[in-house]
Amino acid sequence: MDLKETILKFADDVQADMVACRRDLHAHPEPGWTEFRTAAKVAKTLAELGYTVKTGADTIREDAMMGVPSAEKLAKEQQRAIAEGADPDWVKKMDGGRTGVLGVMKFSADGPVVAVRFDMDSNDVTETTEAAHRANKEGFASCHAGAMHACGHDGHTTVGLALAKLLASLKSELRGTIKLCFQPAEEGVRGAHAMVESGIVDDVDYMLGAHFGFKMRKTGTVACNVTGFLATSKYDAHFQGVPAHAGAAPEQGKNALLAAACAALNLHAISRHSAGASRINVGRLDAGSGRNVIGDKALICLETRGATSAINAFMETEAQRILKAAAMMYDVDVTIEKVGGAAGGSNSPELAAFLEKEANSLGIFEEVVGECPFGASEDFSYFMERVQSHGGQAAYMMVGADLAAGHHDSHFDFDERALGYSLKLMGCAVCKLLLSK
């Protein structure tokens, strides 16, 4: 049996195990930086398979973390994960929410360094209780109120663990080094930057990432050349003024509400950029405390986007200027906190072409799509940008899956046959890359 046949058979043989793993993860969703149960399961499995496993400070640079819950929240989530069966020793290594996991295996001969990224976190969504929803019918719905795997990351992590088992079984036949990167906090584009800044992909020659569904909503299809990741930055701006009675002493107040309202209007007036697409959005504005009180506090939650990191940087600079100017105009204070971000970019053309050829050669896909514009943001782009910056190649795929509802919807579910399609393509591609030099 040749290598391709071995991989395809392996994927078929572990399909039921992947479904069981995916459903276990689906039932125990964990939002960004609290993936203690998921990450501990990943770390323990990788170690048992013979990988060198790193987590905690070895995979996450603390000063690059964005949008991290409070220390009290993290400690509570660690205890919750242990109560749900997580290995306490692995959980302890992830103090501070540093839940990134890296599994490294060096094979018997010299060769390239290949990395694959899998995101682990869930969404802040409450899963539907409708009886017709498959997770309810078959008993694997979320057991955590306000948290749900509504984007398929439970499937991504499952494929990562199956790929780890596959590669370990082929250890004597492969060359080079594999790095399996299990990333926290993709939602809100918060986690990749902290992993990348730890240096774990600075020696990588080829980097792969993938997602179920999104623009590929039919099982048995795949897009191998995803282009046009929009760079993005997420900010919370906190305005602080001085309260005063609106009737008796309005002159004594400093109006943070008006400062925020002024900022919101002018943020949307930022000039568009001639070099490519640019975006700005104030998605939330909370302000004031009472009808007869000068509004002394306000919060703006906003995001910028750009077709490139440079365009997004322009939007960021202008947004910060406007926020500060509005605060100055109304003589209030403003604190600007960056809570998420992603780089811009596109697949490396050579690696995308390789993946497309590989997908066609497998003979398992009904359709292999050519170029597929992403038109949104995903923080895999930080991995892509770092690997490409030192001469490596990076590519992101969309693996087709029939969906019960759109991503981030409380009715979300995906066709679990997509697990096998993803493992087959990922396994064959990674093995060929490892044997390519």
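**Figure 1. The chain as a whole agrees with a compact globule.** A compact globule of 437 residues would have a radius of gyration near 22 Å, and the chain, with 23 Å, agrees with this; the radius is taken over C-alpha atoms, and the globule rule is 2.2 Å times the number of residues to the power 0.38. The model is predicted, so local features need pLDDT of at least 70 and side-chain atom pairs count only at pLDDT 80 or more, while totals for chains, interfaces and linings use all residues. Residues are numbered from 1 along each chain as its sequence is written, and side-chain values use heavy atoms, with hydrogens and water left out. The C-alpha trace spans about 85 × 50 × 40 Å along its principal axes. The secondary structure comprises 13 helices and 12 strands (DSSP runs numbered from the N terminus: helices H or I of at least four residues, strands E of at least two). Buried residues make up 57% of the chain, where buried means under 20% relative accessible area, exposed over 50%, and partly exposed in between (1.4 Å probe, protein chains only).

**Figure 2. The annotated binding site gathers at one spot.** The unreviewed UniProt entry records a "binding site" covering Cys151, His153, Glu187, His211 and His408. These residues span 258 residues in sequence, yet no two of their C-alpha atoms are more than 13.6 Å apart, so they gather at one spot. UniProt positions are given in the numbering used here, feature names are shortened, and annotations may be inferred rather than shown by experiment.

Figure 3. Beyond residues up to four places away in sequence, His211 touches Cys151, His153 and Glu378, among others (contact means heavy atoms within 4.5 Å).

**Figure 4. Strand 4 pairs with strand 2 and with strand 3.** Eight of the nine residues of strand 4 (residues 175-183) are buried. Strand 2 (residues 101-106) pairs with strand 4 in the antiparallel sense over six bridges, and Val101 stands opposite Phe182. Strand 3 (residues 109-119) pairs with strand 4 in the parallel sense over eight bridges, and Phe118 stands opposite Phe182. Two strands pair if DSSP finds at least two bridges between them.
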